[in-house]
Amino acid sequence: NDKSARRRLPMGLFSRLLGKAVAWNQATKGKRPLLSKRRADLSFGVHRFVMEEHVEARCLRFDVFSSSPTHIMHRMEKLAGEVIGECMPKLRCFVMLPAAPLPGPREQPPHLVNFGMLMRRRPTWCDGVWLGDECVDDVQIQTRFSAWLPSTGLREEGYDVFFSYRQGKVDSSVVEMLCDHLSGQSLGRDNRRVEVFWDRIRLEAGKMFDESFMEAMVKSAGVTPIVSLAALERMGGIDEKSPVDNVLLEWMLALEILEALGNERFFILPIMFGRIGSGVGEDPVSNLFAEGVIDRLPEVVPLTTAHRLREFLLKRGMAVSDRLGARTVRGVVQDLTKSMGLLAWDLVSRHGGGGCVGVSNDAGLYEQSCKSIMECIRRVARE
């Protein structure tokens, strides 16, 4: 068809990519590679896959034998990007997935779906998406591509990490990208996927919002709060009689859980942002502590928020600490930022374009953040 006619598979691409894949196979202590001219049986750690060059179809085929295929996909995309950057700068690669389950391991799929384009259309999945000659809805897409997507809905089994953040351009984008990065990770001997609580994909209609997210946090191994200048500035007007502030409620609950369980059984790993630079010559992110916003937070106890948290803890039969009724808005943030967190101003590249888009797409920020989050998850899970 017209699309396949526009595909190109340059000579030497397979061999160059294979060289990098074999090196990564060795670096991750994978099994011994089985290599031939157009086929390679490899593994990254315990994740086995077969890579083949299909000259006539002008593509590379990957058969992944793992419950976490995104681990292979993300790594191979990165290695392919390195090859392209070194010698084929005008080439562009993309991932195609079978539109429906294959009847056999060597069968050719009748229709392929551009996974990147599918993900970009995620906000419109509920309107229906055409996959070949079939129109599917968001539930069908989530079911069909479940191995490639973060799981959705509330889980009785709990979560590996809970993301707490204030809705906003940068904060929301950071959480979305972190969820995408973590979905490619795996845990334990069975290499299960990392389960993330992100309210946008977890909370269900018809259920009490605050009850659901508090229940989810209690069932999580730890919390990663996004402590940004923008988030804290919106806490500046909180007083004793203010309505419940959900972000403050989450942070107070995280401190209560940590006090009850200790840091061997629960972690808090904040990611901190100062002011986002918008001009040439400005730092992409300023030092949050130098902004002085924490010292300007109200030194008052948010009674309505504290009462809602006490109500939830007692309903679940959990202990209420003596400090709950004395925690001020400023004190909550000070206690939260005492945890060994990640400082975005040290992680974000100073060579990027700056601004909201530059920060929320910074590779260094996500690589280090995901690495640190995974270390915390494994420490608590003892895996």
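This is a predicted model: local features need pLDDT of at least 70, side-chain atom pairs count only at pLDDT 80 or more; totals for chains, interfaces and linings use all residues.

Q: Is Asn-114 buried or exposed?
A: The cut-off that matters here is 20% relative accessible area, under which a residue counts as buried. Asn-114 has a relative accessible area of 17%, and because this value is under the cut-off, Asn-114 is classed as buried.

Q: Which backbone nitrogen atoms does the side chain of Asn-114 reach at 3.1 Å?
A: A polar atom of the Asn-114 side chain lies 3.1 Å from the backbone nitrogen of Gly-116. The side chain of Asn-114 also reaches the backbone nitrogen of Met-117, again at 3.1 Å. The atoms asked for are therefore the backbone nitrogens of Gly-116 and Met-117.

Q: Which residues make the nonpolar surface patch of about 220 Å²?
A: Met-96, whose place is in strand 5 (residues 96-98), counts as partly exposed at 31% relative accessibility. The patch that includes Met-96 covers about 220 Å², and its residues are Phe-94, Met-96 and Leu-112.

Q: Which strands stand at the edges of the open sheet formed by four strands?
A: The four strands are arranged in the order 1-2-3-4, with antiparallel pairing.

Q: Which residue of strand 2 stands opposite Leu-34?
A: Strand 1 is joined to strand 2 (residues 39-44) by two bridges, and the two strands run antiparallel. Within strand 2, the residue standing opposite Leu-34 is Asp-41.

Q: How many residues apart are Glu-82 and Lys-20, whose side chains meet in a salt bridge?
A: A search of the whole structure finds 22 salt bridges, and in one of them the side chains of Glu-82 and Lys-20 meet with an N to O distance of 3.4 Å. This pair links distant parts of the chain, with Glu-82 in helix 3 (residues 69-87) and Lys-20 in helix 2 (residues 13-27), and the separation is 62 residues.

Q: Which helix holds Glu-367, the salt-bridge partner of Lys-78?
A: The closest N and O atoms of Lys-78 and Glu-367 are 3.3 Å apart. The pair links distant parts of the chain, 289 residues apart, with Lys-78 in helix 3. Lys-78 is partly exposed at 36% relative accessibility, as is Glu-367 with a relative accessible area of 44%. The element that holds Glu-367, spanning residues 363-381, is helix 15.

Q: With which residue does Glu-134 form a salt bridge?
A: Glu-134 lies in strand 8 (residues 134-136), and its partner lies 10 residues away in helix 5 (residues 138-144). The closest N and O atoms of the pair are 3.1 Å apart, and the partner is Arg-144.

Q: How many of the seven residues of strand 13 are buried?
A: Strand 13 spans residues 222-228 and is mostly covered. Gly-222, Thr-224, Ile-226 and Ser-228 point one way, while Val-223, Pro-225 and Val-227 point the other way, and all are buried. In a regular strand, side chains alternate between the two faces of the sheet. The number of buried residues in strand 13 is seven of seven.

Q: Which residue of strand 15 is the bridge partner of Ile-226?
A: Strand 13 pairs in the parallel sense with strand 9 (residues 161-164) over three bridges, and Ser-164 stands opposite Pro-225 there. Two bridges join strand 13 to strand 14 (residues 267-268), also in parallel, where Gly-222 stands opposite Phe-267. Strand 13 and strand 15 (residues 271-273) pair in the parallel sense over three bridges. In strand 15, the bridge partner of Ile-226 is Ile-271.

Definitions and conventions
Residues are numbered from 1 along each chain as its sequence is written. Side-chain values use heavy atoms; hydrogens and water are left out. Buried means under 20% relative accessible area, exposed over 50%, partly exposed in between (1.4 Å probe, protein chains only). A polar contact is a pair of N or O atoms within 3.5 Å; within protein, one must be able to donate a hydrogen and the other to accept it, and residues adjacent in sequence count only if both atoms are side-chain atoms. Patches are made of residues with over 30% relative accessible area and no salt bridge: like charges are joined within 9 Å, nonpolar side chains (Val, Leu, Ile, Met, Phe, Trp, Tyr) within 5 Å. Accessible areas come from the Shrake-Rupley method with a 1.4 Å probe; for residues, only the protein chains shown count as cover. A salt bridge is a side-chain nitrogen of Lys or Arg within 4 Å of a carboxyl oxygen of Asp or Glu. Two strands pair if DSSP finds at least two bridges between them.
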